[in-house]
Amino acid sequence: MTELDARRNAVACSTDTVVAGSLSEWTTPTVLSDTGDLSVEYSTTAERQDSDGDGVWAPVDVQVGSARVTSGELAGMLPVTGGVEPMWLNPGGAAGEGLALAVIGAPDERVSMFSSSLALENAGVATSDIATPGRVSYDFGGGVSLVVSINTDGTSVTPVVRLADESALARLTDELLPGGDQAVSPLALEFPLSMSEGLSLHETTVGFEVRDSEGNVTHESGPALMWDSTGEEVWDGVGTDEGVDSLALSRQAPSEVEAQSASANGATGDRLETPASGDRVAAMGVQVEGDTVVVTPDVEMLASADLEWPLHLDPKIGKSTPNEWAMAQSHWPSTVTWKASGTQAVGLCDPGATIECTASNVQRLFWQFGGLRQGSNGPWLGELPGSSILEASFGVYGTHSWDCSTRSIDVYAVEYFENGVSWNNQPGWGRLQDSRLVSHKIECDNRKMVYFDVTDRARSRAGAGQSNLSVGMQAPREDSMSWWKRYQSEKATLTISYDRPPLAPNASQTKIEVGAGEAELGCENYENRVQVRDKTPTLKARATEPDGTNAVSMRFRLEDQDTFSPFWWSGWSSSGSAETWKSRPVPGEVGLKSGKTYRWRVQVKSKDPVTGHVATTAWSDSPLCFFTVDTEYPNPPKVTSSTYPERQVAGGTTTPIELTFAANGSADVVRYEWSVNDQTYSKQPKDVSPGGSVTFSTPVLRAGLNYVAVRSRDDANLVSDSVIYEFYVRFPQKTGHWQFNDAGWAGGGLQAASNSEPSAGAGVLTIGPGVAWVAGSTSDGLWPPSTVPGADPDGRVPDGALVFDQPSDIATTAVPVVSGDRSYTISAFVRADAVPAAGSDATLAAAVSQVPGAVESVSGDIRSSFGLGWAKDADCTEQPAGEDLPCWAFWHARSPSSEDEEVISHTKVPVVVGQWAHVVGIFNAADETVEAWACPMFAEPAVRPSAGETMQMGVDLDGEPVAWEPWNTAGGLRLGSGLEYGEAAWPFTGAIDEVRVYDGHVVDEDTLNRTCRQTQVP
């Protein structure tokens, strides 16, 4: 049953209805029929369980089965049923050999505790306790027994070693423990733990705990204690009946007192699980050694002449539960009493008043409820405003008091505490929450639950964002036993009644609309307040209605930021679903002013669809949202450039433009929007702090006239007029041109080829030994070709070229001719005189490359930055029939390392031996690409130039991103081969003519076409 179903049933039947779908072991949510509000009871011990996992709640009824598990990892163990946690116990005797003492939890969060000091195969079989179904005993003989108790709700296991007398102690140390009387610490009891994957064992100040991989506590021990039998287990006869002399009754012998209360089924302690009141108690030492817990009894207590047998030793372990309780005692100020069973006292236990008090001892009680939420799946207490708490009460079962006269008992707020509470370590005491005039005595027939108002504490915890609540109980007078009482701490509850108004919107559920087509503005704090370019903005919000009603309306309020005073309230919106946006425009007559800051809130109202109850959020529940009205448009930005002055010629296509955008006096500009050579403003916008400027560089992609369009946008989303910044980019220049038409070349004695662009600084090509001069690429041996229109017949000269026929043949410049981080173009006329035979390993041949300098080559792992020539691989797709030829290509290296692959652009022009081709390689630094072009010269019929695929430097062949770094070599241009691993590589066999280098991206398909037909020079 959902909460809405429960609400409908509560009204229809006029009865409070449990929300069955939100039950948990410790939590019972109920819809109250009179108001429709939700009341949730949180109990210290579980009220129900589903340990078998069938999805059906069952009463808590802890029982130890007698039939052992027959198969699986728990084979041989005794199952424990009816508790919150799945559990199994050792059967004892020979059947228990090698098995755990106890197993707690489901497989993914399971802890197994073993008893290695007291081997259970040496004990008798497990014997059930008829009076306590959740308990078994293992008898080791001679007064030594191990008693294992499951707590009330089946969440913890307490193994207690019981020693009947001194001879039992001697038997334990001399005969049963490993090492006997020769052991270094004969009473050290070891309990190894086995845990599910991801769990780990940790020592704490009072014991140990098990944590998951995220550090959350899954199981805990509480303090490891030892106690004797000094105290009293039966307290019902202590004190007086009304009209009976107090002192006379208190001086009766214990047997007489017990006789008076036995017929009344009086409350008793349970010494086999926890110390009784008045027992001597000492904390045992606990050490964690790997996955083993080692418990060491207190030596002084063992040696005490006042020790009352039997003696008990325990190392408790249990599942971490949401609710806890503790007791502090003044006579044992350092003793920790944690989640004890049975009853505990509050107030002064005075030996002068009753012989059951073994010492003058003041006791105080504490309870803590954690994980508080509205049912098993509702909002947490800390997520709710304090105003949503209608009332809260703490209840505990009172079992006994000194007499039947009512005297007050007080409950206070206390600070959050952990399992180390003692008299010397009490949580901080806060405000008094409530006092009750009560007595609890079997003779007076007034044992009962007593309830205390803790509404103040519940509201303060919600307001502090906390989902836990802690209280402490003490007697108003701690100097008289007349105020002494006893309570069953494990039978306590916290009940919180929640008003169920809608939840106020959070910041993400509040928006401002400023006009059609404009982006909505969010709710921001004062420091990050939004700028609104409208004096009539529309305020809008949506909320969350936990009751599921569709009758939700909202209204809005504006406040002056200077005075914090409200000055405008909207009317209530129409009713509808809480999740539906509801809005109200601010009317023009309100008179919002440009430059002024305002803040606003929202209030939500809902009407319960079942009960008709109307609930409204407080204005203070709303987030406080700030905005400043700004209707002043920003000034056009100021644009400057250090590399390209406005309307002047500068740079080149290899030189990026450095731009500075400034606010030009508008202090609220937060963004510059811009584009190059169009007014789309599509470039990545430049965001700045209000009124700030930005300086950056961007590539220049074309020569001649360029412009940058820029506009400013302020924090109110107002846009300035545009600024057009014009600049002229110098056209690409040749940085090298070797025609190989030097006078006298035909004689064969020239050792250098001149550069027709000497001003560029690239210098001559030095021709190495073995390189020969031959006739160039023209059909009639003269340059320029006679087929070029307008060529001067008298100005033509013999056309030469260089031929390379050995791997060692090279021609080089002394300095680099291209920069690896700027765009460049390489072109050459090339003729291959040989290509690799089928099956050859040769894949590249570089007619032109740029190589490292001598210093760079020392490392042995450096190579040419680019290569222009041919490549032979599967990407050479167009081949003459039956041929497997290389194709003309251009490649560029991603880094200086020879281990990196080259990025190759393949043309579709195959390499035909003896045929001249015009090959062009282009590196585009702006786009980070390489591209090759080629066309065969003198082909009949003519063949148009072929472009290779444009290859991305930063993308591998599988289309995945790959790192690369633009880099430069210190060496020069090299003809005939390249360099790899510091040695000559990729030798080219053939002739080379008309080598040209440009400092930019230059390609024109028509010019290439005419060049290949020799109707135009490059």
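Two residues are in contact when they have heavy atoms within 4.5 Å of each other. With that in hand, let's start at Pro 159. This is a predicted model, in which local features need pLDDT of at least 70 and side-chain atom pairs count only at pLDDT 80 or more, while totals for chains, interfaces and linings use all residues. Residues are numbered from 1 along each chain as its sequence is written, and side-chain values use heavy atoms, with hydrogens and water left out.

Pro 159 sits in strand 14, which covers residues 156-163; strands (E, at least two residues) are DSSP runs numbered from the N terminus. Setting aside residues up to four places away in sequence, Pro 159 touches Leu 101, Met 113, Leu 146, Val 147, Val 148, Leu 313, Asp 314, Pro 315 and Lys 316. Its relative accessible area is 1%, so Pro 159 is buried (buried means under 20%, exposed over 50% and partly exposed in between, with a 1.4 Å probe and protein chains only). For a sense of scale, Pro 159 and Glu 726 are 567 residues apart in sequence and 89 Å apart in space, C-alpha to C-alpha.

Next, look at Ser 341, in the loop between strand 26 (337-338) and strand 27 (344-349). Ser 341 is buried because its relative accessible area is 9%. Not counting residues up to four places away in sequence, Ser 341 touches Asp 270, Glu 273, Thr 274 and Glu 490. Asp 270 is 71 residues from Ser 341 along the chain, yet their C-alpha atoms are separated by 7.2 Å.

Another serine, Ser 408, belongs to strand 30 (residues 407-414). With a relative accessible area of 15%, Ser 408 is buried too. Beyond its neighbours within four places in sequence, Ser 408 is in contact with Arg 436, Leu 437, Pro 476, Trp 483 and Lys 485.

Now for the surface. Val 649, Leu 705 and Tyr 728 make a nonpolar patch of about 260 Å². Patches take residues with over 30% relative accessible area and no salt bridge, joining nonpolar side chains (Val, Leu, Ile, Met, Phe, Trp, Tyr) within 5 Å and like charges within 9 Å. A salt bridge here is a side-chain nitrogen of Lys or Arg within 4 Å of a carboxyl oxygen of Asp or Glu. Val 649 lies in strand 46 (residues 649-650), and counts as exposed because its relative accessible area is 52%.

A patch of negative charge gathers Glu 899, Asp 900, Glu 901 and Glu 965 on the surface. Of these, Glu 965 lies in the loop between strand 69 (951-952) and strand 70 (973-975). Its relative accessibility is 43%, so Glu 965 is partly exposed.

Key:
Helices (H or I, at least four residues) and strands (E, at least two) are DSSP runs, numbered from the N terminus. Accessible areas come from the Shrake-Rupley method with a 1.4 Å probe; for residues, only the protein chains shown count as cover. Lys and Arg count as positive and Asp and Glu as negative; His and the chain ends are not counted. The place of a charge is taken as NZ of Lys, CZ of Arg, CG of Asp or CD of Glu.
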